[in-house]
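Work through the two exercises below with the sequence and the model at hand. Each task is followed by its solution.

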Amino acid sequence: MAVWTVFEPEEALPGEADWSERVVFVREAFAWRALFFAPLVLLANRLWLAFVIYAVVESALLAAYVNFELGDGFIAVLLVPNLFVALELPTLRRFKLARLGFEEAGVVSADYAEAAERRFFEARLGGSGISGPVLGLFPEAMRR
């Protein structure tokens with residue numbers, strides 16, 4: 001089950017017409033696509049500063065490889081920035097959202113994005129998500 005951090009604009013009020021459209025869900029997981037396509041993932045997420053830093057680091061590593069005639073094993077070092085981006089992509093997105101004026105609204109656990117959205121909005125807007133009698137240890141899920 002995945003964990004999602006939820007961000008909403010500071011000035012937005014729940015229940016406004018476009019409030020739900022501006023809520024952002026950030027998945028807290030290793031970004032496999034960033035491991036292989038880090039620059040494209042950074043650009044797709046509009047992380048411009050991170051992309052510039054990534055390009056500078058990759059250029060410096062490549063220049064060191066070419067100028068100092070390092071062995072073939074050094075090629076693996078060129079993948080270290082990709083690994084960093086894959087590990088830290090959720091953190092980079094959280095910093096960007098905080099800089100844009102979003103605040104953390106909560107954390108949701110769900111298998112996929114639609115389920116996370118449903119859980120968050122039901123909890124945030126006061127819905128219980130329970131549609132019938134509850135069987136099990138706690139038969140009174142809601143007080144009437």
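**Exercise 1.** Determine the handedness of the crossing of α3 and α4, and find which residues make the contact.

Solution. The crossing of α3 and α4 is right-handed (left-handed if the near helix is turned anticlockwise from the far one by less than a right angle, right-handed if clockwise). Helices here are DSSP runs of H or I with at least four residues, numbered from the N terminus. On the α3 side the contact (heavy atoms within 4.5 Å) is made by A50, Y54, V57, E58 and L61; on the α4 side, by P81, N82, V85 and L92. By class these residues divide into 7 nonpolar, 1 polar and 1 charged (Ala, Val, Leu, Ile, Met, Phe, Trp, Tyr, Cys and Pro count as nonpolar, Asp, Glu, Lys and Arg as charged, and the others, Gly among them, as polar).

The model is predicted: local features need pLDDT of at least 70, side-chain atom pairs count only at pLDDT 80 or more, and totals for chains, interfaces and linings use all residues. Residues are numbered from 1 along each chain as its sequence is written, and side-chain values use heavy atoms, with hydrogens and water left out.

**Exercise 2.** Describe how helix α2 (residues 32-44) packs with α3.

Solution. Start with the angle, which is about 160°, with the axes 8 Å apart (axes are lines fitted to C-alpha atoms, for helices over the stretch in contact, and angles run from 0 to 180 degrees between N-to-C directions). α2 is therefore roughly antiparallel to α3 (under 35 degrees counts as roughly parallel, over 145 as roughly antiparallel, 65 to 115 as roughly perpendicular and the rest as oblique). Next, the crossing of α2 past α3 is left-handed. Finally, A38, P39, L42 and L43 of α2 meet W48, A50, F51 and Y54 of α3 in the contact.

Methods:
Helices (H or I, at least four residues) and strands (E, at least two) are DSSP runs, numbered from the N terminus.
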